[in-house]
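Hello,

Here is the structure I promised to pass on.

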Amino acid sequence: MLRRVVVTGMGLVTPLGSGTREKPWQQPWEALISGASGARRIDDKFDVSDLACQIGAPVPREGEGAFNPDDFVPPKEQRRVEDFIIYGMAAAEMALADSGLPLDTDEQQERTGVLVGSGIGGLEGIAETTQLLNEKGPRRVSPFFIPACLINLASGQISIKYGLKGPNHSVVTACATGVHAIGDAARLIALGDADAMVAGGAEAAICRIGYAGFLACKALTTSFNDNPTAASRPYDKDRDGFLMGEGAGVVILEEYEQAKARGAQIYGEVIGYGLSGDAYHITAPAEDGNGGYRAMEAAMKRAGVSPSEIGYVNAHGTSTPLGDEAELRAVERLFGDAAQGLVMSSTKSSVGHLLGAAGAIEAIYSLLAMKHGVAPATLNLDNPSVETPINLAPKTPVEKTIDCVLSNSFGFGGTNASIIMRKV
Amino acid sequence: MSDDIQARVQKITVEHLDVDASKVEPKASFIDDLGADSLDIVELVMAFEEEFDIEIPDDAAETIQTVGDAINFIKERQS
């Protein structure tokens, strides 16, 4: 007998701003719904003069929603972790505060686990330390280098900070990481391995080696260096690659009866989760969207819902030429008649692609869409590259009652994950 | 000269361990009094090597347990 799993807390660190302990998602959500874009030139980050892509969506360090790492991780500790871990720790702290999850007793701590993943972890730290090794030799390599960069150290640091002694796990499935983390964590609770899980994804790959690498595989946008906010344009005929974002999304998953008994706020229930592999290509999606189709189909089967019950789809929609249409066609095939009027949007048009954090922040956006009865827009969708019966929410959010949401994330290597959540 | 070494050791220790300068006295143990762990010690030793342009072999590093140990070791190497 599987136990029911609900979301009782959420925390966001995004290119449109960061939440706080008191208001863990409000400002980033309002910025998203207002139609803001997190895209800008990144000349201040590193030398971009010889890079074909000179724009990105970094987490703001000043202005509204500014992220201050000192609010979450003491300065001394910051030197010992890469930025993706700082983002993950911050989002976890917000989500825990939001949830009010009790962690006072040994048993509560032992029944609470962590599953926060990342797509590529401490990429910048690895690049910098390699340079140091080559220039100054092995004796200059910090003892904190490995634990600062390891992907599962986001989960490790969070568990150490809060004494969470349940399952300590991590996911690395490129851009599907966030959904896999939440889905797998929900299963740990459903199967009884834990009563609560801190789950999500964190990423900070806006660095020179990250750009050089993704540019080499022709994944990044290159035509909008002078007009950054127009660069991420899923489904539009002028799209030419993804805009890189960074940040973290973390949720608190909790066994339903426990959450209900303590009177916790419940954002939604995780009712379906599906996984699949393309078995096709290392970076390109199968053009017919077959892998995504099977992931969504498996999630629906698990959820026991029909397509017509799903009120909003948060698409993977990265703004790459091949991927967007493959996913769109897969949704059309799977939804059949229910595709007519279905609202599906890509919030990557606002915040870019957060890689391993994308699935987690998009699951949170999906829950907030359900809570507020509004589906975020797909910005920059001026001229759709193909016709579709689906409402892609071009440029303007769509207000509607949403009781059930589906969120997709697909990654390099042909890994696909879909998650379905419903109002309780 | 030795005062200078003491001041520099103190400064590096404060920076790396995020402790109050007043606690960084010669008899203070890095682990017991200043809250360092084994990785902190490795990092501290690296910082001393860089600051004073000396090499501290691993077996010698293991004997450095207090701030005074570090100051004395560096003094010997520099004299």
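Strands E14 (residues 404-411) and E15 (residues 415-422) of chain A form a hairpin with three residues between them, where strands (E, at least two residues) and helices (H or I, at least four) are DSSP runs numbered from the N terminus. In the turn, Gly413(A) has a positive phi of about 95 degrees. This is a predicted model, in which local features need pLDDT of at least 70, side-chain atom pairs count only at pLDDT 80 or more, and totals for chains, interfaces and linings use all residues. Residues are numbered from 1 along each chain as its sequence is written, chains are lettered from A and ligands numbered from 1 in the order written, and side-chain values use heavy atoms, without hydrogens and water.

E15(A) pairs with E14(A) in the antiparallel sense over eight bridges (pairing takes at least two DSSP bridges), and Leu406(A) has Ile420(A) as its bridge partner. E9 (residues 268-277) of chain A also pairs with E15(A) in the antiparallel sense, over eight bridges; there, Glu269(A) is partnered by Arg422(A).

Why is E15(A) largely enclosed by the rest of the structure? Because seven of its eight residues are buried (under 20% relative accessible area, 1.4 Å probe, protein chains only).

Asp278(A), in the loop between E9 and helix H11 (290-303) of chain A, is buried yet has no salt bridge (a side-chain nitrogen of Lys or Arg within 4 Å of a carboxyl oxygen of Asp or Glu). The nearest side chain of opposite charge, Arg294(A), is 4.9 Å away (Lys and Arg count as positive, Asp and Glu as negative; His and chain ends are not counted).

Best wishes

Terms used:
Buried means under 20% relative accessible area, exposed over 50%, partly exposed in between (1.4 Å probe, protein chains only).
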